[in-house]
Amino acid sequence: MAKLIKSAIIIFILLVSLFTVSVPVNAIPTLNSNVDVVWGEKDTVKPVVPRDEIRKLNLTVKYKVDWGGDFAYGALVSYCKGDVNALIKLKITDYSPWCTANLGSSVVPTHLTTGLAQSSVFLNLQLRDDAPAYGEGYVKIHASVPAMGLIGGFEKEFTLDFIAGYLPRIDVNLPEGTTKRIGPMDSAVFPIEISNMGNARTTVFFKIEEIPKGWTVAVTDEITLGESEGKLTAYLTAIPPKGFGYHYDKKTIMVKLTPARAEDLTNLGEPLYVTVIVESRGFSTPGFESILFIGALLAVVLIIKLKKKK
Amino acid sequence: MAAKAKPDVVEIGYGENITVDVGLMNLKTGEFETQGLPFYMDARFLNFEVLEYPGGNSDGSWLVSFNPPSIQAKSGEDIPLKSQVTISLTAPKDPKNTVQSGILKIRLKDIQAMGNLWWPTNEWKSSKLLWFISAAFLLKFGKYSGTVDNTMEQIIEILVKVKPYHNVRFEALPLIQFNPGQIASIPISVQNLGNYNDTYGFRIVGDYGRSTISDPVSISLKPGEKKDTFIGVAVSPNVLDTGTIHTIKVEAYSIDQPNITIAQRTVYLETKGLYISELGVAGILLFGIIAIVFVAFFLHRRRKILIKSRKKPEKPWEVSGKKQYLEKLKKKDRKKYNTVLNEMKDEYKSSILSYNSYRRTMLKEARKKSLNRFTGIFKRYDHNEKVKTKKLEKKKQQISDISKAEEIKNKELKIESPLKEEQIESVIDKSAEMEKQRREQAIIKIQKAQGKQRRKFGKFNY
């Protein structure tokens, strides 16, 4: 009896050894989940406008089961027949500090197939005012699939990159007020302080809306402000008519300020307006009155001298 | 188990509210789960609560309510495992605490209470022994019998975009006084009550006649920030303004929505005072100079005429000789003294009357003469000459009348006065004085003429 038991054990070991040797390695049932998250490039290449835009990015979640060997494939087929869903869990783990992001759904159920299964989920993106224009932002999405029986689990992090748009915003200040009274021989100069409150280097174009008849009005053509709180001063100069005689000219001068991104001057913002009042009052002399005065003085001196000689 | 929100992105503005459905998701359909109480449970509750508000909720701007706040699964009845969330947003008390876009996080707690899992429920149709073996040995779910599981929870995230809220507050301004013709900038303090960095433009509404008012300068403000902008005012130059109140209406708008007025403020101005322009001052000066010249000329001419005529009579009692005589008389005979003094006074009165009448006549003649000269420039007719001669004759006549009247007066004085000799002397003195004056004037004229001639000849004497 003991011999019989011994021989049975040896035969079992032999059979197991034979099975192990005869069956190829790749025939061992290895099943692993594989997830890929992709998105349309068009959606991310176009800059996201801070504050006003909510960008809805359509994420395509691709799922397939990688198998090794015929036995594994057989096992997968049997799983698929069982109407089993793979639960792909998505989670936003990190994003740029100046943006807000959420997913339409945190779980994407995908039906198991032997091929590639696709599902879609939306990623919503919104940027704050201080997002740097054309600065690169990111959203990190963690995708995971828990293990299901023989099918192994999966875990991977995807990084979605996008570009922030330009938000033009400038502040205008006239430190010397908006009114000036001058004589007809003088000129009124208004310093205009411009601050950049936008999110990129900004060029500001100045344009005089309407020049009053007979007046000469000049303004700085353009100035380029540095990023974040850059401040520069432009000058508006108004010269009134100088015709001989008494003047009482009161005019309103309007200047249009249009901000544009310094690197792309076609990217314009909403214009701002500055209106000033200049009053020219007083007598305008011909200009050679000083020469006349000096001449008269000389004549008087000469007459006195001549008289003294006599 | 998974949860979802529908919609997962919402937009809300200040003073608005929106509703969103949140609940458990059916993994097969992707829709909200509709389910009854599973046979192995005694009870199941779904509780909803807000975990995180967009940008925080320190001053209670967010108000989120669930309807129903808790769902209880019912046995034998399928109910949707979802709740309706109402999100309300109000403007924060402090405008510096802005409410901007963010994530609203809702926690869904799934509380499950298991029944007696050792013994099969009524729904179990198979062998009771098999249930027991499974509960005890195979699946070992028996150990959950009578337990309550409150650890299961789902986090639902809703992206809430807060609409830009454009609002400003104008600081109140007191009544501002202006003089006519004054030009100045009035500062108006503006505070951003909105929730984002905003740029505000301003427009002046209404017609202000001859006064010029410029639109305040556009300004950009951070939430809660306060800054000054300026209204340019150039008041019309009314010559005299006793006090007029002007109202200037200022409207504010965001440059993102230029057609929508978000705030309005009325600024009150009072114009009061007198306005004289440089041109006016020059005119007044010119007029003054002309007037002074005219008056000086008039006075000079008048003086000249009066000098030509005769000297104003002196008071007889102040003439040195008579004064001494009166003093003596005063000491000797008081009564006589009074009589003589009265007579002197009467005499003086009469001579003054005579002098005034003479002066008037002379001035009248001079005026007529100058008028005739003036009109003569335009009208040079022959009959004017006749008129002149007639006037001259008249003048002579008047002068002779005056002299006659004087003679008569002198005679009367001689008859009436007890001091005949003295009166005669005074009359002689007067005529002598007049003669003396005439001579002096003639001498002066001759001297002037001589001086002129000397100067003329002197030019050629090198």
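Q: How many bridges join strand 3 of chain A to strand 7 of chain A?
A: Six bridges join strand 3 (residues 85–95) of chain A to strand 7 (residues 136–145) of chain A, and the two run antiparallel. Strands (DSSP runs of E with at least two residues; helices are runs of H or I with at least four) are numbered from the N terminus. Two strands pair if DSSP finds at least two bridges between them, so the two strands are called a pair. Within the pair, Tyr95(A) stands opposite Val139(A). The model is predicted: local features need pLDDT of at least 70 and side-chain atom pairs pLDDT 80 or more, while totals for chains, interfaces and linings use all residues. Residues are numbered from 1 along each chain as its sequence is written, chains are lettered from A and ligands numbered from 1 in the order written, and side-chain values use heavy atoms, without hydrogens or water.

Q: Which strand of chain A pairs with strand 7 of chain A over ten bridges?
A: Strand 9 (residues 154–163) of chain A does, in the antiparallel sense. There Ile141(A) stands opposite Phe158(A).

Q: Why is the pair of Tyr14(B) and Tyr165(B) called tilted?
A: The ring centres of Tyr14(B) and Tyr165(B) are 4.5 Å apart and the planes are at 50°, so the pair is tilted. Rings of Phe, Tyr and Trp (its six-membered ring) pair if their centres lie within 6.5 Å; planes under 30 degrees apart count as stacked, over 60 as edge-to-face and the rest as tilted. Tyr14(B) is in the loop between strand 2 (9–12) and strand 3 (16–25) of chain B, and Tyr165(B) is in the loop between strand 11 (148–162) and strand 12 (168–170) of chain B, so that the pair links parts of the chain 151 residues apart. The whole structure holds ten aromatic pairs over all chains. Ring pairs also join Phe39(B), Tyr40(B), Trp131(B) and Phe141(B) into a cluster.

Q: Tyr14(B): buried or exposed?
A: Tyr14(B) counts as buried, at 13% relative accessibility. Tyr165(B), with a relative accessible area of 26%, is partly exposed.

Q: How do you know that the charged end of Lys180(A) sits over the ring of Phe190(A)?
A: The distance from the charged end of Lys180(A) to the ring centre of Phe190(A) is 5.0 Å. A charge sits over a ring if NZ of Lys or CZ of Arg is within 6 Å of the ring centre and within 35 degrees of the ring normal. Lys4(B) likewise lies over the face of Phe32(B), at 5.2 Å from the ring centre.

Q: What makes Asp256(B) and Arg169(A) a salt bridge?
A: The closest N and O atoms of Asp256(B) and Arg169(A) are 3.8 Å apart. A salt bridge is a side-chain nitrogen of Lys or Arg within 4 Å of a carboxyl oxygen of Asp or Glu, so the two residues qualify. The count between chain B and chain A is five salt bridges.

Q: How many residues of chain B are in contact with chain A?
A: 52 residues of chain B are in contact (heavy atoms within 4.5 Å) with 48 residues of chain A. Between them the chains bury about 4100 Å², 55% of it on carbon and sulfur atoms; buried area is the accessible area (1.4 Å probe) lost on being put together, summed over both parts.

Q: Why is Thr203(A) called buried?
A: Thr203(A) has a relative accessible area of 2% and is therefore buried. Thr203(A) is found in strand 13 (residues 202–208) of chain A. Beyond four places in sequence, its contacts include Glu222(A), Ile223(A) and Leu265(A).

Definitions and conventions. Buried means under 20% relative accessible area, exposed over 50%, partly exposed in between (1.4 Å probe, protein chains only). Buried area is the accessible area (1.4 Å probe) that two parts lose on being put together, summed over both.
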